[in-house]
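Dear colleague,

I am passing on the structure we talked about, together with some notes on what was found in it. Please look at it first and then read on.

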Amino acid sequence: MNEINWKPKASKQLMKLDQHARIAIRDAVGEKLSVFPACSGVRALANHDYGYRLRVGDYRVLFDFEGGAACIVSIEEVRKRDEHTY
């Protein structure tokens with residue numbers, strides 16, 4: 001079982017989200033990062049400031065993993081294309 005640490009920036013970003021997104025992100029982080037690297041939905045990032053990302057709906061949770069502890073650094077919203085894009 002891995003330890004999960006939240007940086008202050010990531011905590012503030014999480015609190016600014018709506019309740020449904022906040023709950024989904026907290027549940028996904030608790031479920032998947034506690035058993036990392038034996039989980040799905042996590043990718044290693046190449047040429048990026050942070051080591052890994054976890055996709056949760058329209059959000060990306062960026063984190064670093066060192067010595068059995070996941071450190072959540074940032075949460076970013078990704079706007080997906082829809083029928084109004086073109």
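A residue is called buried here when its relative accessible area is under 20%, exposed when over 50%, and partly exposed in between, with a 1.4 Å probe and protein chains only. Helices (H or I, at least four residues) and strands (E, at least two) are DSSP runs, numbered from the N terminus. Please keep in mind that this is a predicted model, in which local features need pLDDT of at least 70 and side-chain atom pairs count only at pLDDT 80 or more, while totals for chains, interfaces and linings use all residues. Residues are numbered from 1 along each chain as its sequence is written, and side-chain values use heavy atoms, with hydrogens and water left out.

I begin with strand β5, which spans residues 69-77 and is mostly covered, seven of its nine residues being buried. Two strands are said to pair if DSSP finds at least two bridges between them. Strand β1 (residues 3-6) runs parallel to β5 and is joined to it by four bridges, with W6 opposite I72. Strand β4 (residues 59-66) pairs with β5 in the antiparallel sense over eight bridges, and here F65 stands opposite A70. β4 and β5 form a hairpin with two residues between them, and G67 in the turn has a positive phi of about 55°.

Next comes the interior. A nonpolar core is a set of buried Ala, Val, Leu, Ile, Met, Phe, Trp, Tyr and Cys residues joined through side-chain atoms within 4.5 Å. The largest such core has 18 residues, and those with the most contacts inside it are I25, L33, L54 and F63. Two or more residues each come from α1 (8-16), α2 (19-32), β3 (52-56), β4 and β5, and α2 gives the largest share, four residues. Counting contacts as heavy atoms within 4.5 Å, and leaving out residues up to four places away in sequence, L54 touches several residues, including A28, V29, V61 and F63.

N2 lies in the segment before β1 and counts as buried because its relative accessibility is 16%. A polar atom of the N2 side chain lies 3.2 Å from the backbone oxygen of L33.

Finally, which cysteine sulfur is nearest to that of C39? With a disulfide taken as a pair of cysteine sulfur atoms within 2.5 Å, the count is zero; C39 is in no disulfide, and the nearest cysteine sulfur, that of C71, is 16 Å away. C39 counts as partly exposed, because its relative accessibility is 22%.

Best regards

Definitions and conventions
Polar contact = N/O pair within 3.5 Å; in protein donor to acceptor, adjacent residues only side chain to side chain.
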